[in-house]
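Thanks for coming. I will go through one structure this morning, a few places at a time. Please have a look at it before I start.

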Amino acid sequence: MNYNHPNKNSSTVVIRLMCAIVFLTFSFVWLYCFQADVLAAAQHVLSKGLTSYKPLVGALLITLVLQVLQLIVYALTRLRKRSHALTYLPSMLALAMITNINSDVESGYALGAWWVVLLIIVVWVLLVLAARALQAVEPDAEPKGFFSRPMWINMLTMALLIIVVVAISNSNAVFHYRMRAESRLMSGDYEGALQMGDKSLESDADLQMIRMYALSRTGELGERLFAYPVSAHSEAMLPVEGKSKFVMYPTDSLYKFLGARPKGEMTTDRYLELMQRRDSLDDRHIADYQLCGLLLDKRIDDFVRLLRRYYTEGDTLVIDRLPKHYREAMTLYTHLRSKPVVVYHNNVMDEDWKNLQELEAKYPDPTERMGKVEEQYRGTYWYYYEYEK
């Protein structure tokens, strides 16, 4: 019995308590705030859509199980004092591997990290053996409390373990944007889906497809498409050609919105053409997809011809009905072509176009010119047409 070292036991309890608080707080926040949608995607794929992940319940249960794992490790190693935080390494590694999901989520977990995990475990075992040997001869007469040396050694160890978790876990920003956006789509929150990653310049074909669908559902595809980063051309607008895909959101919901599922293999252009014939010229969702596809491919002459088909009454182009990007494209076309099929003028657009030309003329260096134009005109079709591939 140890009746002579009450301060020693008290110090150990304080260190254990602080380590537990740090771990429980980090684990819950990491799972609930940063990895919830990624875990939802993984569960959706692994269960083939039969079950869904509940972020709050999942974060609580996983954190509780990992804390129990730490208690088991502590019971086996009995690491106290300066080395107590080492008992959290297995729990932290488990947390890292749970969230180490491949960005191509259907491929499962990122196996490339397993050799790192194995190396960490080997080093940890050696450290535990060394810590147990040193613990037996470690003096008891050390400062106690929150600002003691043993406490800060443990806190620094916990910080290092947190860095390891963040390094191993999936930190692909675009993948996180996609999964959060799909979660919003599944709840019918189209504006919420559009807010995911809207301040970032990073994107991919899948995220672009999600945004185009959400914009179409809100009737703003031709108004706001180029306000977001564009990373793919028209073949990735829909999952028809396999250039883009959903992970959790039912593809059938998109096809139901557009009119029908494609039968057999076909291009995106062919699918949209068939949908337009099947329905009518009044289906603006299909029309906007076709027109925006031409803008993405920079086929501006074809865009003008198709625009006249959808936005003409009699022989007159209905100017006041044109969305922002269509007005920009028509202004661009009118100034680029010496003999335009349609001459389009809009006082506001013409003035903006004139300002753009003057701005470009001020900077002969291409790199500097692009930077200055980007500051003022990113988010317009003009910037996309002239400066993005």
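**A walk through selected helices**

I begin with L126, which sits in helix α5, residues 114-135. Keep in mind that this is a predicted model. Is L126 buried or exposed? L126 has a relative accessibility of 55%, and because the cut-off for exposed is over 50%, L126 counts as exposed. L126 also belongs to a nonpolar patch on the surface, formed with L118, I121, V122, V125 and L129. Together these residues have about 550 Å² of accessible area.

Next, Q208, in helix α9, which covers residues 205-217. At 3% relative accessibility, Q208 counts as buried. What is Q208 in contact with, once its neighbours within four places in sequence are left aside? The list is S203, P229, V230, S231, A232, H233 and L296.

Now to helix α11, residues 251-258, where the buried residues are L254, Y255, F257 and L258. Why do they lie on the same side of α11? The arc they cover around the axis is only 155 degrees, and that puts them on one and the same side of the helix. Just after α11 comes G259, with a positive phi of about 140 degrees.

That brings me to the aromatic rings. A pair of aromatic rings is described by two things, the distance of the centres and the angle of the planes. How many aromatic pairs does the structure hold? There are 19. One of them joins Y255 and Y271: the pair is edge-to-face, at 5.8 Å centre to centre, with 65 degrees between the planes. Y255 lies in helix α11 and Y271 in helix α12, residues 268-278, so the pair ties together parts that are 16 residues apart in sequence. Both partners are buried: Y255 has a relative accessible area of 4%, and Y271 has one of 1%.

A further pair is F303 with Y326. Their ring centres are 5.5 Å apart and their planes are at 65 degrees, so this pair is edge-to-face. F303 is in helix α14, residues 300-310, and Y326 is in helix α15, residues 324-336, so the parts tied together here are 23 residues apart in sequence. F303 counts as buried at 0% relative accessibility, and Y326 is buried with a relative accessible area of 0%.

Last item: which residues do ring pairs link into a cluster? They are Y190, Y213, F246, Y249 and F257.

Notes: Residues are numbered from 1 along each chain as its sequence is written. This is a predicted model: local features need pLDDT of at least 70, side-chain atom pairs count only at pLDDT 80 or more; totals for chains, interfaces and linings use all residues. Side-chain values use heavy atoms; hydrogens and water are left out. Buried means under 20% relative accessible area, exposed over 50%, partly exposed in between (1.4 Å probe, protein chains only). Helices (H or I, at least four residues) and strands (E, at least two) are DSSP runs, numbered from the N terminus. The arc is that of the directions from the helix axis to the C-beta atoms. Patches are made of residues with over 30% relative accessible area and no salt bridge: like charges are joined within 9 Å, nonpolar side chains (Val, Leu, Ile, Met, Phe, Trp, Tyr) within 5 Å. Accessible areas come from the Shrake-Rupley method with a 1.4 Å probe; for residues, only the protein chains shown count as cover. A salt bridge is a side-chain nitrogen of Lys or Arg within 4 Å of a carboxyl oxygen of Asp or Glu. Contact means heavy atoms within 4.5 Å. Rings of Phe, Tyr and Trp (its six-membered ring) pair if their centres lie within 6.5 Å; planes under 30 degrees apart count as stacked, over 60 as edge-to-face and the rest as tilted.
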